[in-house]
Amino acid sequence: MTLSLRQMTPSLGAEITGVDVANLDNQEFDAIYDSFNQHSVVVIRDQNITPEQHADFSRRFGKLMVHVLKDDLLEGQPEIYRLSNKIENGVPQGRPNAGQYWHSDLTYEEVPSKGSVMYAMEVPDAGGDTLFAHTAASYDALSEPMKSFLSDKTAIHDFRHAYETFSKRIPGTMPISEEVFAARPPVEHPVIRIHPETQRQCLFVNPGFTVRIKELSYDESDAILGYLYGHMVKPQFFYRHNWRANDLVLWDNRSLMHCAVGDYGSEKTRHMHRTTIMDSDAKK
């Protein structure tokens, strides 16, 4: 095979062809890793991989994180989080309606994530796309006074926030116990996160998990976050991925946020596996 790369948009996204991720040599992996850093979203279609191969490929990027929602993990492969509306013999095969709000994966963790690797096994014939917004490009487009204002601010992130604000309002969403919420208390992260490999400054707030900017009053925080959220999803910072079965998509949680589009209904199957990579370079 001969690896080739096609850039998706000027801000983010690249499609790589000519590789088999289950059998990568070091040169091919290095090319994928470079694209991951430079383009933030990497699409590799037509992959036929087992859960073990999925996890093994993901570990080449770093240590894998285990999601707090234990019931939605793949048996025997706990690094794989199942996002699915599929039911077999009356048993849910993952968490339905997951991530249908703008967020970066696991920002509610004390050590946040580096990236995620999602593998699509079954997808609707229409709908179920994932939207990506580039938080480095949106930071670059801010005015210098706004950059200066945000430079020393910190934000509170809370796992509970996404469930209370978004998820539980969606019919069919499974409840989350108080024990799970207690296992992930709120954490603080800088509003501006410096990407450790590209050195680009990125907005590190998101509607799903960010509760408020700590140094501001609640009204001031709501106003600033509302402005930033609208700014971050402007079309020039945006890529929309239309999934196909056997797509493998990598994204960099240090430099973007994303949102699953819940427009396909419960009668259409969307069945995915995701791993999440820890950011060993995160400074706490």
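This is a predicted model: local features need pLDDT of at least 70, side-chain atom pairs count only at pLDDT 80 or more; totals for chains, interfaces and linings use all residues.

Biologist: How many disulfides does a search of the whole structure find?

Modeller: A disulfide needs two cysteine sulfurs within 2.5 Å. For Cys 202 the closest cysteine sulfur belongs to Cys 259, and at 19 Å that's too far for a bond. Searching the whole structure gives a disulfide count of zero.

Biologist: Is Cys 259 buried or exposed?

Modeller: The cut-off for buried is under 20% relative accessible area. Cys 259 comes in at 10%, so it's buried.

Biologist: Which residue's backbone oxygen does the side chain of Ser 11 reach?

Modeller: Ser 11 sits in the loop between β1 (4-7) and β2 (14-17). Beyond its neighbours within four places in sequence, it touches His 134, Ala 137, Gln 236 and Phe 237. The backbone oxygen reached by the Ser 11 side chain, at 2.6 Å, is that of Gln 236.

Biologist: Asp 46 isn't a glycine, yet its phi is positive. What is its relative accessible area?

Modeller: Asp 46 is in the loop between β3 (41-44) and α2 (51-59), and its phi is about 60 degrees. This residue is exposed, because its relative accessible area is 60%.

Biologist: And Asn 89, buried or exposed?

Modeller: Asn 89 is in the loop between β6 (87-88) and β7 (91-92), with a positive phi near 55 degrees despite not being glycine. Its relative accessibility is 82%, so Asn 89 counts as exposed.

Key. Residues are numbered from 1 along each chain as its sequence is written. Side-chain values use heavy atoms; hydrogens and water are left out. Buried means under 20% relative accessible area, exposed over 50%, partly exposed in between (1.4 Å probe, protein chains only). Helices (H or I, at least four residues) and strands (E, at least two) are DSSP runs, numbered from the N terminus. A polar contact is a pair of N or O atoms within 3.5 Å; within protein, one must be able to donate a hydrogen and the other to accept it, and residues adjacent in sequence count only if both atoms are side-chain atoms. Contact means heavy atoms within 4.5 Å.
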